[in-house]
Amino acid sequence: ADEFATVQRNVKAGIERLKAFQNREGGFGYWPGDGGYDSWSTSYVGHFLIEAEAKGFFVPADMLKRWKKFQRGQAQA
(Lines give C-alpha, C1' and ligand atoms only; values in the text may rest on other atoms or scores of the structure.)
Protein backbone atom coordinates (compact mmCIF):
# COMPACT_ATOMS: atom_id res chain seq x y z
CA ALA A 1 0.00 0.00 0.00
CA ASP A 2 2.92 2.35 0.71
CA GLU A 3 4.28 1.87 -2.82
CA PHE A 4 0.87 2.69 -4.31
CA ALA A 5 0.59 5.85 -2.20
CA THR A 6 4.09 6.88 -3.26
CA VAL A 7 3.24 6.41 -6.94
CA GLN A 8 0.03 8.41 -6.52
CA ARG A 9 1.87 11.25 -4.79
CA ASN A 10 4.68 11.30 -7.38
CA VAL A 11 2.36 11.37 -10.39
CA LYS A 12 0.30 14.19 -8.87
CA ALA A 13 3.48 16.14 -8.07
CA GLY A 14 4.80 15.53 -11.58
CA ILE A 15 1.67 16.87 -13.21
CA GLU A 16 1.77 19.93 -10.96
CA ARG A 17 5.46 20.54 -11.74
CA LEU A 18 4.92 20.27 -15.49
CA LYS A 19 2.65 23.32 -15.41
CA ALA A 20 5.75 25.49 -15.01
CA PHE A 21 7.26 24.07 -18.21
CA GLN A 22 4.26 24.81 -20.44
CA ASN A 23 4.34 27.97 -22.52
CA ARG A 24 1.30 30.13 -23.34
CA GLU A 25 0.71 28.35 -26.64
CA GLY A 26 0.69 24.91 -25.00
CA GLY A 27 4.15 23.55 -25.83
CA PHE A 28 6.60 22.34 -23.19
CA GLY A 29 10.17 23.51 -22.78
CA TYR A 30 13.21 22.16 -20.99
CA TRP A 31 13.20 24.85 -18.30
CA PRO A 32 10.41 26.27 -16.17
CA GLY A 33 9.11 29.57 -17.46
CA ASP A 34 11.43 29.84 -20.48
CA GLY A 35 8.53 30.45 -22.88
CA GLY A 36 10.00 28.23 -25.60
CA TYR A 37 9.22 24.66 -26.48
CA ASP A 38 10.90 21.48 -27.59
CA SER A 39 9.01 19.23 -30.01
CA TRP A 40 10.13 15.97 -28.44
CA SER A 41 9.50 17.14 -24.88
CA THR A 42 6.10 18.50 -25.84
CA SER A 43 5.04 15.17 -27.34
CA TYR A 44 6.44 13.19 -24.42
CA VAL A 45 4.74 15.34 -21.78
CA GLY A 46 1.44 15.28 -23.67
CA HIS A 47 1.55 11.49 -23.85
CA PHE A 48 2.23 11.34 -20.10
CA LEU A 49 -0.72 13.66 -19.40
CA ILE A 50 -3.10 11.60 -21.54
CA GLU A 51 -1.99 8.36 -19.87
CA ALA A 52 -2.24 9.88 -16.39
CA GLU A 53 -5.76 11.12 -17.11
CA ALA A 54 -6.73 7.70 -18.49
CA LYS A 55 -5.52 6.15 -15.20
CA GLY A 56 -7.78 8.48 -13.23
CA PHE A 57 -5.36 11.22 -12.25
CA PHE A 58 -6.53 14.81 -12.33
CA VAL A 59 -5.00 16.69 -15.24
CA PRO A 60 -6.06 20.35 -15.49
CA ALA A 61 -8.40 20.68 -18.48
CA ASP A 62 -6.78 23.92 -19.65
CA MET A 63 -3.33 22.34 -19.60
CA LEU A 64 -4.45 19.45 -21.79
CA LYS A 65 -6.56 21.67 -24.06
CA ARG A 66 -3.64 24.03 -24.77
CA TRP A 67 -1.32 21.09 -25.45
CA LYS A 68 -3.78 19.50 -27.91
CA LYS A 69 -4.28 22.81 -29.72
CA PHE A 70 -0.51 23.32 -29.93
CA GLN A 71 0.05 19.81 -31.27
CA ARG A 72 -2.66 20.25 -33.90
CA GLY A 73 -1.06 23.50 -35.02
CA GLN A 74 2.38 21.89 -35.26
CA ALA A 75 0.99 18.96 -37.23
CA GLN A 76 -0.73 21.29 -39.69
CA ALA A 77 2.33 23.54 -40.14
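User: Let's start with arginine 66. Is that residue buried, exposed or partly exposed?

Analyst: This is a predicted model, and in it arginine 66 has a relative accessibility of 24%, so it counts as partly exposed. Buried would need a value under 20%, and exposed one over 50%.

User: Okay, and which residue forms a salt bridge with arginine 66?

Analyst: That would be aspartate 62: the closest N and O atoms of the pair are 3.4 Å apart. Both residues belong to helix α3, where they sit four residues apart, about one turn of the helix. Aspartate 62 has a relative accessible area of 48%, so it is partly exposed.

User: How many salt bridges does the structure hold?

Analyst: There are two. Besides the pair in α3, lysine 19 pairs with glutamate 16, with 3.1 Å between the closest N and O atoms. Lysine 19 is partly exposed because its relative accessibility is 36%. Glutamate 16, at 48%, also counts as partly exposed.

User: Let me stay with α3. What span should its 16 residues have?

Analyst: At 1.5 Å a residue they should span 22 Å, and the end C-alpha atoms of α3 are 23 Å apart, so the two values agree.

User: Which residues of α3 are buried?

Analyst: Met63, Leu64, Trp67 and Phe70 are. They cover an arc of only 130 degrees around the axis, so they are on the same side of α3. Turn to the other side of α3 and you find Ala61, Lys65, Lys69 and Gln76 exposed.

User: What covers those buried residues of α3?

Analyst: The cover includes α1 and α2.

User: Now α1. Which residues are buried there?

Analyst: In α1 they are Val11, Ile15 and Leu18. Their arc around the axis is only 70 degrees, which means they lie on the same side of α1. Asp2, Arg9 and Lys12 are exposed on the other side of α1. Among the things covering the buried residues of α1 are α2 and α3.

User: And how does the length of α1 work out?

Analyst: Its 17 residues should span 24 Å at 1.5 Å a residue, and the end C-alpha atoms are 24 Å apart, so that agrees.

User: Let's zoom out. How many helices and strands does the protein have?

Analyst: It has three helices and zero strands. Read from the N terminus, the order of elements is α-α-α. The C-alpha atoms fill a box of roughly 45 × 25 × 20 Å along the principal axes.

User: What share of the residues counts as buried?

Analyst: Of the 77 residues, 31% do.

User: Which residues touch the most other members of the largest nonpolar core?

Analyst: That core has 13 residues, and the ones touching the most other members are Ile15, Leu18, Phe28, Leu49, Ala52 and Val59. Each of the helices α1 (2–18), α2 (39–54) and α3 (61–76) supplies at least two residues of this core.

User: I'd like to click on valine 59. What does it touch?

Analyst: Leaving out residues up to four places away in sequence, valine 59 touches Ile15, Leu49, Ala52, Glu53 and Leu64.

User: I see glutamate 53 in that list. Where does it lie?

Analyst: Glutamate 53 lies in helix α2. With a relative accessible area of 38%, it is partly exposed. Beyond its neighbours within four places in sequence, glutamate 53 is in contact with Val59 and Leu64. Glutamate 53 and leucine 64 are eleven residues apart in sequence, and their C-alpha atoms are 9.6 Å apart.

User: One more in α2: is serine 41 buried or exposed?

Analyst: Serine 41, which is in helix α2, has 8% relative accessibility, so it counts as buried. Apart from neighbours within four places in sequence, serine 41 is in contact with Phe28 and Tyr30.

Technical notes
Residues numbered from 1 in each chain as written. Predicted model: local features only at pLDDT ≥ 70, side-chain atom pairs only at ≥ 80, totals over all residues. Heavy atoms only, no water. Core = buried A, V, L, I, M, F, W, Y, C linked by side-chain atoms within 4.5 Å. Buried < 20%, exposed > 50% of the residue type's maximum accessible area, 1.4 Å probe, protein only. Contact = heavy atoms within 4.5 Å. Expected span 1.5 Å × (residues − 1). Arc of directions from axis to C-beta. Salt bridge = Lys/Arg side-chain N within 4 Å of Asp/Glu carboxyl O.
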